[in-house]
Amino acid sequence: MKSMVFSLGTAALFFAVSCWGAGWNFAVSGILSLLLYGALLLLTKPRKKIGGVDVELISGGEELEKKLQEAREDFASIGQSMAAIEDLELKRESQRLHKTAGNLIHFLEKNPEKIMSARRFIDYYQDTASKLLKKYVELQDTGLKTEDVTRLKVRTKQALLTLNRAFEGQFEKLMENELMDMDADIRLLKQTMKMEGYEE
């Protein structure tokens, strides 16, 4: 919206100055103003980026950006619920979830080619965690202390422990190549040091 207003204002100013100020032909000023408007609109249009690369330049970039946005929204929802949770143990587990999710999303932003491999995490695990925590906060806010409510709170804690393991497992799967590369680098370093007499 801002780029459109800026482009339109600049083109209108150019038209006024060239047509009435400089005395150019009305049609020429109009055509040049339209061209200026189009060029400025293209140049000032905000560009979505993933990993520093324009979404438009990545194969399937729009779909990847959409998935990443879904992940960011669930991440924000987990953060809001986490802040509202009163139970200390549950808050600690939700903080752990939130931290892992944040690290995973940061990894995906830097490695957009891995986004589609993270669909299970985005569409199921993180989405489930977001909904579960939101419902827990709603239940907590009712102030009810019945047996059923207490049981649900205990089950929520157990579910969060399982989700934390799932989050970490999903992250590890995504980083499999990086972990293998690191392991290979370390083995090569040890071999090189041994050959050069730095290691017994």
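A nonpolar core is taken here as a set of buried Ala, Val, Leu, Ile, Met, Phe, Trp, Tyr and Cys residues joined through side-chain atoms within 4.5 Å, where buried denotes under 20% relative accessible area, computed with a 1.4 Å probe and with protein chains only. The model is predicted, so that local features require pLDDT of at least 70 and side-chain atom pairs count only at pLDDT 80 or more, whereas totals for chains, interfaces and linings use all residues. Residues are numbered from 1 along each chain as its sequence is written, and side-chain values rest on heavy atoms, with hydrogens and water left out.

The protein contains 7 helices and 2 strands, assigned as DSSP runs (helices, H or I, at least four residues; strands, E, at least two) and numbered from the N terminus; their order from that terminus is α-α-β-β-α-α-α-α-α. Of the 200 residues in the protein, 32% are buried.

The largest nonpolar core comprises 27 residues, and those with the most contacts inside it are Leu97, Leu108, Phe121, Ile122, Leu163 and Phe167. At least two residues of this core come from each of helix H3 (61-84), helix H4 (88-110), H5 and helix H6 (147-174). When residues up to four places away in sequence are not counted, Leu163 touches Leu97, Tyr125, Ala129 and Leu132, contact meaning heavy atoms within 4.5 Å.

Helix H5 (residues 119-142) also holds Ser130, which is buried at a relative accessible area of 4%. Leaving aside neighbours within four places in sequence, Ser130 is in contact with Asp74, Ser77 and Ile78.

Key:
Buried < 20%, exposed > 50% of the residue type's maximum accessible area, 1.4 Å probe, protein only.
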